Amino acid sequence: MNRPHPDWHARAAAISYDGRGFIGGQRVPSVDGETFGCVSPIDGRTLTQVARGRQRDVDAAVASARQAFADGRWSKQAPAARKQVLVRFAEKIHAAREELALLETLDMGKPIQYSLSVDVALAVRCIGWYGEAIDKVYDEVAPTPHNSLALITREPMGVIGAIVPWNYPMIMAAWKLGPALATGNSVVLKPSEKSPLTALRLAELAIEAGLPEGVFNVVPGYGHEAGEALALHMDVDAIGFTGSTRVGRKMLEYAGRSNLKRVYNGFGGKSAFVVFPDFDDLDRAAKTVAGSMFFNQGESCNAPSRVFVHESIADDFVKIVAGTAPAHQPADPLDAKTEMGALVDDTQLKTVLGYIEAGRSEGAKIVAGGQQARTETGGFYVQPTVFDGVANSMKIAREEIFGPVLSVIRFKTEEEAIAMANDSTYGLQASVWSSNLNRAHRVARALRAGTVHVNQYDEDDITVPFGGYKQSGNGRDKSLHAFDKYTGFKTTWIRIDS
């Protein structure tokens, strides 16, 4: 029997919040007692006050994490034992899925249906997958002379600082926590000040699942305070950061100014979506790019924001894409049928509207959207926007907007399409649409991106790595490759006497 849909508004009215940090296995206020307001983008109201972590809070969290690592309460457990805890952690997240989805929507503005079916579901999948994987990863024995044995073993780094963005708070946290915890590290997580609530709840669920105290700590706060303190800390062994390229550059600088800790950065993109005239289903291509671009309000690092379409089919393509806009109009995020919600805050709203105005000023033509929406709610909404007549040199084609703004750029030849697609400082993701197998392979190989899709866009799984080329970052999240970020290799030589 189908369960009735929850009354999300009633649940939102009844929900209780705890904005305190999480250090040493318990909720704690900030050391100096300061807080900041956590504002819901749905209607602009303040949900709760959150602990404003600073240097002393980070010091306490790192000390807790270091002690937990040093005494081996987690790091020295057998992989099979860590597996059991992480699998229980995933089960706890699943059991709390409706609470977590509601927190995510209230905090970040995305539609409740996707907080539940995407964000929570993928976090569960990620934590559980790394739990299941860790006791199936083997070390190595090198080929050596008969009187020697060389063991190559993978060991945890120690204390990991994880700094995650606001667009997918739970998923990004899980991408860091899964491989870092599975390999025996301790973690200090700094969530975005714009969306801290689910990270704090995840820490509680981890303890309930049996993760020892001190292994997973959460310090909420601003990037220039808590984030900087974490990245500069002399007792943090590695930083896993996802966010803007501008801040990522600072992460590298902080490593150089402190202990040369490892820094793995994941940045944004201006992903190219290339449609050739030989593709036999223009309707599917157009609707795919619209759905992918407007998903999560366009606040996705891999959103296909640059659409390169052959000039012979461009008019028809633009007409189809513009025709999808009504289905993606922003609406109440707590309505289970809503497709597009609110931008994360007023700053992001102004940024997106500024890019729309820049597109107009540079001569691009708006064929759908282009305006703020739902102003009566007090929230931060903008219409799904489609530009035609965009040149690859325009600001809206060069810079990451992080909003529902799609640019159509026309091309004449395959060579021109490849050149323009690669003419970007980013290289996160791309897509090629062609019914010609040779062309599809040829163009996919030529595109400088960490992930290239052919005749589709959003297929994804925890089993494949995610990351980019150029200024889209270094290192890879997801898959077994993510273990490399949070472990070091040790070679042990043993003499064997006859």
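Reader: Which residues of α8 are buried?
Author: In α8, the buried residues are E225, A226, G227, A229, L230 and A231. Buried means under 20% relative accessible area, exposed over 50%, and partly exposed in between, with a 1.4 Å probe and protein chains only. Helices (H or I, at least four residues) and strands (E, at least two) are DSSP runs, numbered from the N terminus. The model is a predicted one, in which local features need pLDDT of at least 70 and side-chain atom pairs count only at pLDDT 80 or more, while totals for chains, interfaces and linings use all residues. Residues are numbered from 1 along each chain as its sequence is written, and side-chain values use heavy atoms, with hydrogens and water left out.

Reader: What do the buried residues of α8 pack against?
Author: They pack against α2 (55-70), β7 (159-163), β8 (186-190), β10 and α9. Contact here means heavy atoms within 4.5 Å.

Reader: Which elements give two or more residues to the lining of the largest pocket?
Author: Some background on that pocket comes first. The space in the largest pocket is about 1,000 Å³. W166, G243, S244, R246 and V247 are the closest to its centre among the 37 lining residues. The elements giving two or more residues to this lining are α8 (223-232), β10 (238-242), α9 (245-257) and α12 (346-361). With six residues, α9 gives the most.

Reader: How is a pocket defined, please?
Author: On a 1 Å grid over the protein atoms alone, a pocket is an open set of points where a 1.4 Å probe fits, with protein on both sides within 12 Å along at least five of seven lines; lining residues have an atom within 4 Å of a point. Grid points are joined across faces, edges and corners, and the volume is the space filled by probe spheres set on the points.

Reader: How many residues of that lining are charged?
Author: Eight are charged, beside 15 nonpolar and 14 polar residues in the lining of the largest pocket. Ala, Val, Leu, Ile, Met, Phe, Trp, Tyr, Cys and Pro count as nonpolar, Asp, Glu, Lys and Arg as charged, and the others, Gly among them, as polar.

Reader: And how much space lies in the second largest pocket?
Author: About 790 Å³. Its lining has 34 residues, of which L122, Y168, N302, D458 and D460 are the closest to the centre. Two or more lining residues come from each of α5 (112-133), α6 (169-182), α10 (282-294) and β21 (451-454). The largest share, five residues, is from α5. By class, this lining has 18 nonpolar, nine polar and seven charged residues.

Reader: Turning to α10, which of its residues are buried?
Author: L282, A285, A286, T288, V289, A290, S292, M293 and F294 are buried in α10. These residues pack against β12 (272-275), β13, α11 (314-323), β17, β18 and β20 (429-433). Just after α10, N296 takes a positive phi of about 55 degrees.

Reader: β18 is on that list. Is this strand mostly covered or open?
Author: Strand β18 (residues 405-411) is mostly covered, with six of its seven residues buried. It pairs with β13 (residues 306-310) in the parallel sense over five bridges, and V309 stands opposite R410 in β18. Strand β17 (residues 385-388) also runs parallel to β18, joined by three bridges; there, V386 stands opposite L406. Two strands count as paired if DSSP finds at least two bridges between them.

Reader: What is the order of the strands in the open sheet with β5?
Author: The order is β5-β6-β23, three strands with antiparallel pairing. β5 (140-141) and β23 (487-495) are at the edges with a single partner strand each, so one side of each is left without a neighbour in the sheet. Two bridges join β5 to β6 (residues 148-156), and E140 has I152 in β6 as its bridge partner.

Reader: Where does S479 lie, and is it buried or exposed?
Author: S479 lies in the loop between β22 (469-470) and β23. It is buried, with a relative accessible area of 1%. S479 has a positive phi of about 65 degrees although it is not a glycine.
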